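Thanks for making time this morning. I would like to walk you through a model, beginning with the ligand and then moving on to the metal site.

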Amino acid sequence: MVETTLSVIKADVGSLAGHVIVPDFVMELARKCMKDGVDKKIIKDFRVVNAGDDLELIMTHHRGEGAEEVHKLAWDTFMKCTEKAREMKIYAAGQDMLSDTFSGNVKGMGPGTAEMTVEERKSEPFAVFCADKTEPGAYNLPLFKIYADPFNTAGLVIDPNLHDGFKFVVQDIEKQVPSYVELQCPEEMYDLLALIGSTGRYVIKRIFRRDGMVTASVSTDKLSHIAGKYVGKDDPVAIVRAHSGLPAMGEVLEAFTLPHLVAGWMRGSHTGPLLPVGLKDSRCTRFDGPPRIIALGLQVSNGMLVGMVDLFEDVAFDITRRRGMEVADYLRRHGPFMPHRLNEHDMEYTTLPSVMTRLEGRFTEDDGSVGKSASSKSAKKLRADSAE
Ligand code: F6R
Ligand code: MG
Ligand code: MG
């Protein structure tokens with residue numbers, strides 16, 4: 001049986017007219033670098049796409065996950081694309097390239113990574129999801145629905161291969177040293193939900209079928225934790241393996257028919273609906289959003305990629321997009337107020353500490369009232385005046 005690794009590695013290396021799209025010439029350069037990687041036999045096959053301002057490298061190979069040669073190929077590709085973007089003064093060139101030198105693996109260096117190694121089945125259909133203007137926890141809700149909600153996935157009830165449930169590996173992304181917990185569904189569903197409802201902290205990393213077959217993998221790299229400050233949203237990717245004893249592609253995609261609220265959008269500091277869109281609509285323009293996601297349908301055959309279907313291009317998702325835009329429009333009316341604006345802890349940009357420093361000495365016990373028992377300056381003055 002052929003063992004193939006699918007590596008999806010992404011970075012924002014600069015984008016056109018703000019944080020909007022990856023320019024065509026950057027995509028072309030990335031394809032050329034990937035082709036060199038095939039010629040040098042580092043990878044077997046590839047696809048290059050963009051999710052808004054993120055350059056997405058989808059690669060297949062037989063070197064396993066975390067393979068230095070593959071990660072170096074991706075890193076060098078991003079570096080060359082950054083150089084080109086800088087030469088053309090493309091906006092935010094090299095945004096996610098947080099180091100000058102490669103040190104064995106792109107993890108912790110800026111780019112995001114989702115990888116999965118499979119023993120190829122008779123037929124191997126996948127979906128690769130790439131999101132823009134949001135964070136890894138954006139996948140928690142749809143992945144839960146795909147693998148644990150029978151109202152989404154009919155197969156959980158009627159396909160004996162799915163009936164035993166799935167194991168979720170959840171990462172606490174606030175921990176500097178990676179920290180994971182495994183939870184089995186349906187038995188531990190409530191514990192799982194207690195964690196993954198906190199989308200900014202507990203993030204689904206991988207999912208396995210009860211017998212150990214891997215079926216989902218998510219990039220959980222948190223840029224702000226790597227750089228120690230805001231450098232751009234993580235804009236995560238996910239690989240989902242479908243069919244033949246796993247949720248069907250239609251069950252996988254059904255989970256995205258609710259434009260659920262995610263953190264990100266403008267300046268990584270707002271809540272907004274996640275819009276499922278076709279490749280042609282993968283450009284965040286309204287208030288730098290709303291956050292959106294593309295889905296690419298692929299198959300793997302002896303290490304080679306077959307096809308690429310633009311899965312959310314379907315008119316069946318029009319209603320979701322329309323609903324999402326109603327929600328986006330409603331939320332925008334809240335301007336700088338929560339919950340449209342995120343709480344201070346989750347905001348990627350915030351002037352709050354400097355505002356607090358400036359106002360520090362101006363917080364007093366004076367509430368401005370003038371009653372007898374009031375301790376305000378104005379009340380004391382009034383009492384003193386009437387005593388004279
Ligand atoms: C969010 C994002 C944008 C920028 C915003 C400000 O992930 O990329 O919303 O945060 O456009 O951009 P700068 O700080 O580059 O002016
Ligand atoms: Mg950007
Ligand atoms: Mg982006």
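In this predicted model, the side chain of Tyr91 places an N or O atom 2.6 Å from an oxygen atom of ligand 1. Asp288 also contributes through its side chain, with a polar atom lying 2.5 Å from an oxygen atom of ligand 1, whereas for Arg267 it is a polar backbone atom that sits 3.0 Å from an oxygen atom of the ligand. As for how much of the ligand is covered, ligand 1 taken alone would expose 410 Å², and the protein buries 79% of that area.

Let me turn to the metal. The magnesium ion written as ligand 3 is coordinated by the OD atoms of Asp53, Asp54, Asp132 and Asp235, at distances of 2.0 to 2.2 Å, and along the sequence these donor residues follow the spacing D-D-x77-D-x102-D. Because Asp53 lies in the loop between strand E2 (45-51) and strand E3 (54-61), while Asp132 belongs to strand E5 (residues 125-132), this pair ties together parts that are 79 residues apart in sequence. Are these two residues, Asp53 and Asp132, buried or exposed? Both Asp53 and Asp132 are buried.

Notes:
Residues are numbered from 1 along each chain as its sequence is written. Chains are lettered from A and ligands numbered from 1 in the order in which they are written. This is a predicted model: local features need pLDDT of at least 70, side-chain atom pairs count only at pLDDT 80 or more; totals for chains, interfaces and linings use all residues. Side-chain values use heavy atoms; hydrogens and water are left out. Donors are N, O and S atoms within 2.8 Å of the metal (3.2 Å for Na, K and Ca); water is not among the atoms, so sites may look incomplete. Helices (H or I, at least four residues) and strands (E, at least two) are DSSP runs, numbered from the N terminus. Buried means under 20% relative accessible area, exposed over 50%, partly exposed in between (1.4 Å probe, protein chains only). A polar contact is a pair of N or O atoms within 3.5 Å; within protein, one must be able to donate a hydrogen and the other to accept it, and residues adjacent in sequence count only if both atoms are side-chain atoms. Accessible areas come from the Shrake-Rupley method with a 1.4 Å probe; for residues, only the protein chains shown count as cover.
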